[in-house]
Amino acid sequence: MRDLFEISEINGMKLNNRFVRSATWTGLGHSNGTCSQRLVDLLVELARGGVGLIITGHAYVQKNGKAGPQQLAIDRDSVIPGLKLLTDAIHEHDGKIIIQLSHSGIYGDPKLSGHVPSSVSNKGTFVSYPVKVLTPGEIERVVASFVIAAERSMKAGFDGIQLHAAHGYLLNQFLSRAYNNRIDGYGGDVVFRAFPLVEIVRRTRKVVGPLYPILLKLNSRDYLENGLELDESLEIAKILENAGVDAIEISGGTRESGHLKSARTGIIDEKDEAYFEEDARAFRKHLGIPVILVGGIRSYETAQRLLSSGATDYISMSRPFICQPNLINKWRSGEVKRSTCLSDNECLGLGLHDNGIRCRWSSRVTF
Ligand SMILES: Cc1cc2nc3c(=O)[nH]c(=O)nc-3n(C[C@H](O)[C@H](O)[C@H](O)COP(=O)(O)O)c2cc1C
């Protein structure tokens, strides 16, 4: 039987256990996107707490793709030294860390970035402010920005990268007919909608070499009219596996998906947990690369069941680590109580209005 605490490997990246901290914006970067000591301290606490693989919050590859305050940037070389302090600190604690590369497309915040957000097409009825439809030349620049950001990530000492193609962000907007009604080579058939992402993966692979993990976070479903459904997302995942992706994290929903969003509330007991479980099983059957499942996992029993029943290869969590950075060490020591996370998303609201995420209910000292 597979064990949550066994050693495993994703394309040369050796992991001490099967627990992943899913990408989580913390609001702890500096306002210009550089890494802060508070962020280093927070992530070191997770490494010390036993998390096998830490994924940073989304880092924007182009300024107009910035979505939130104090969000990390990877859009210029000058951020590399600050990020190197972060990766060095995690490695000193025997941890592994990858950076999530992102562009938020229409969800870029013009007030924060000072730029007009980009849209894949003129379909967007989702936001009220002006957006600019990307020209083919601008799409090429977006692709190039991801590739150069991957190169910077490597220079900064990250153990790999994750491309954020979930939650309605730009790469998801390309993939989804709910956002993309282009009629050129970037719209229509799924192969065309996936083209920018495939290009990013292929060109990144050339730059980073064969032994550098390229991960992907993908929606199994958008829960939107005309949005991604399981059959198409499976097809996309296969295309990306063939292009060189090493592991896929399964999530779902967008900002427009109501309660069917990625960070759902009301995870009261075991039956509410792992809300993308069935979709993850389908991915695992369909793919040869590891699957990482995120979304509402709260108990050790659920984590063990998901792994041993073949639903997933890795257990990914976000909110539980905000209130319990030491959760994995506790579970490893045999204290296998369910996470105390209430899944009420207060942490997100506090993060936006209170200078960085924290759990309202946790008594631990926060950064
Ligand atoms: C405060 C907060 C910030 C998040 N930031 C990101 C992010 O930067 N990138 C991302 O892909 N998902 C982000 N998410 C979603 C989580 O990675 C995860 O998919 C979701 O919360 C479900 O997992 P959980 O139930 O274990 O929290 C965020 C969620 C929260 C609550």
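Biologist: Among contacts in the chain between residues at least 6 apart in sequence, what percentage join residues at least 24 apart?
Modeller: The figure is 72%, with a contact meaning C-beta atoms, placed from the backbone, within 7 Å. The model is predicted, so local features need pLDDT of at least 70 and side-chain atom pairs pLDDT 80 or more, whereas totals for chains, interfaces and linings use all residues. Numbering starts from 1 along each chain as its sequence is written.

Biologist: How much of the chain is buried?
Modeller: Of its 367 residues, 52% are buried (20 or more other C-beta atoms within 10 Å of a residue's own).

Biologist: Which residues of helix 7 are buried?
Modeller: P196, L197, I200, V201 and T204 are. Helix 7 covers residues 195-208; helices are DSSP runs of H or I, at least four residues, and strands are E runs of at least two, numbered from the N terminus.

Biologist: Why do they line one face?
Modeller: Down the axis of helix 7, the buried residues fall within an arc of 135° (directions from axis to C-beta atoms), so they line one face.

Biologist: What do they pack against?
Modeller: Their partners are helix 4 (136-155), helix 5 (170-175), helix 8 (230-243), strand 8 (161-165) and strand 9 (214-219). Just after helix 7, G209 has a positive phi of about 90°.

Definitions and conventions. Buried ≥ 20, exposed ≤ 12 C-beta atoms within 10 Å, placed from the backbone. Contact = placed C-beta atoms within 7 Å. Expected span 1.5 Å × (residues − 1).
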